[in-house]
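Subject: Structure handover

Hello,

Here is the structure you asked to have passed on. My notes on it follow below.

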Amino acid sequence: MLTWLRLLSDWIWQDRLWFPAGLGWANLKDRDGQVFAKGRDLWVIFPIAVCFLIIRQIFERTVAVQLASLLRVREKPRVRAAPNTTLESYFCNASKFPSQSSVEELTKQSACSVRQVQRWFRRRRNQERPSQIKKFREACWRFTFYVLAFIAGLGALIDKPWFYDMEEMWNGFPTLPLLPSQYWYYMIELGFYISLLFSVATDVKRKDFKEQIVHHVATILLISFSWLVNYIRAGTLIMLVHDASDYLLESAKMFNYAGWRKTCNYIFILFAAVFILTRLVILPFWIIHTTWVYPLTLYPPFFGFYFFNGLLFVLQCLHIFWAGLILRMAIKFLPGNVCIPKPNHYRVVSWTEIEPSPEPYTTYVNSGLTLFILNEVSELRVEDK
């Protein structure tokens, strides 16, 4: 078995797959005081991820809670469902949204009316919804990391020649010496994304859950691969582009939970502009162009070239998907657009079912959008009265 694993490893990591012809792993051996990236360096991301999980718990229970109190984040008391063994068993083991026939059957088993069963399930579902404080704490943690990561990344790259002339990222490839700032930028970013995967089971589950998992996995693979084959200069630029807008989204969420709706709207519009500029302009037309087109003028194509750009293409497809939905939200937040239009696939909700809003918006429940930003910035809090 060990022999087969060794043979498989040798085949996977052969030079001709990951490097241009005539180059290989031997070129990345330390020499003459120059240090190069190595695969074994990536083991450090796991203790870093654990440290992030510990720091996050401390941060959310201290700093985030204090900030939530300062911004007056409040959670409206919820009406709890009365104890009922029959309905609770169906809720936990069968479905949280019983069909009409199931409701009628449950009325016979629980000795409740149809209206009482429907009300019980609404109240029970409301109990499961995450609180505003929990969502604020998560957004506060991500905002803090993203803003610090963006500042640190900008500080590490601002004096580098490839920050201004992206063709410089291929100057001397693959023998690109590793700088201490690049090492820590990579390890901290990777450790953070690994910690997000570890905590996904306890975080607030959003409608774009699958897309977020794909994004995290593709990002981890992309960053790890760029480290292994010394695409570090391209990798740092890609990470910086992603960090440039994420902290704006998280801050918009925080102000939304605090009830600062106008501030939330303005920040969201700024986020949409930065997102489109960085991920639909700078990333594809500068960075991806330099990783896809320019190398072909220097080397013949090889598998690693296609693999790296294939991961970038996956991320870019997600960016295009999200950008379209972000634009739809941003247009609604522009001054003068105070009402959300009523498309055919919207269902009007009775005013006895929703919490009154301090803003003069016409409110609808969307049955089609799967946008995480819609969940966070323009969410409804459905309550049973």
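A helix here is a DSSP run of H or I with at least four residues, and a strand is a DSSP run of E with at least two. Please keep in mind that the model is predicted. On that basis, the chain over residues 307-327 is 100% helix and 0% strand, with the end C-alpha atoms 30 Å apart.

That stretch comes from a record. An unreviewed UniProt entry lists "transmembrane region" for residues 42-59, 143-163, 183-201, 264-287 and 307-327. For residues 143-163, the chain is 86% helix and 0% strand, and 24 Å separates the end C-alpha atoms.

Two helix pairs

The crossing in which α8 passes α10 is left-handed. On the α8 side the contact is made by W141, F145, Y146, A149, G153 and A156, and on the α10 side by S181, Y185, I188, E189, F192 and L196. By class, the residues of this contact between α8 and α10 are 9 nonpolar, 2 polar and 1 charged.

The other pair is helix α3 (residues 45-61) with helix α4 (residues 63-70): their axes come within 3 Å and cross at roughly 30 degrees. Angles under 35 degrees count as roughly parallel, so α3 is roughly parallel to α4. The residues that meet are F59, E60 and R61 in α3 and V63, A64 and V65 in α4. The contact of α3 with α4 divides into 4 nonpolar residues, no polar ones and 2 charged.

R279 sits in helix α13 (residues 261-292). Is R279 buried or exposed? The cut-off for buried is under 20% relative accessible area; R279 has 2% relative accessibility and therefore counts as buried.

What is R279 in contact with, leaving aside its neighbours within four places in sequence? The list is H215, V241, H242, S245, D246, P284, Q316 and H319. Separately, the C-alpha atoms of R279 and A323 are 8.7 Å from each other, while the two residues are 44 residues apart along the chain.

Regards

Terms used:
Residues are numbered from 1 along each chain as its sequence is written. This is a predicted model: local features need pLDDT of at least 70, side-chain atom pairs count only at pLDDT 80 or more; totals for chains, interfaces and linings use all residues. Side-chain values use heavy atoms; hydrogens and water are left out. A crossing is left-handed if the near helix is turned anticlockwise from the far one by less than a right angle, and right-handed if clockwise. Contact means heavy atoms within 4.5 Å. Ala, Val, Leu, Ile, Met, Phe, Trp, Tyr, Cys and Pro count as nonpolar, Asp, Glu, Lys and Arg as charged, and the others, Gly among them, as polar. UniProt positions are given in the numbering used here, feature names are shortened, and annotations may be inferred rather than shown by experiment. Axes are lines fitted to C-alpha atoms, for helices over the stretch in contact, and angles run from 0 to 180 degrees between N-to-C directions. Angles under 35 degrees count as roughly parallel, over 145 as roughly antiparallel, 65 to 115 as roughly perpendicular and the rest as oblique. Buried means under 20% relative accessible area, exposed over 50%, partly exposed in between (1.4 Å probe, protein chains only).
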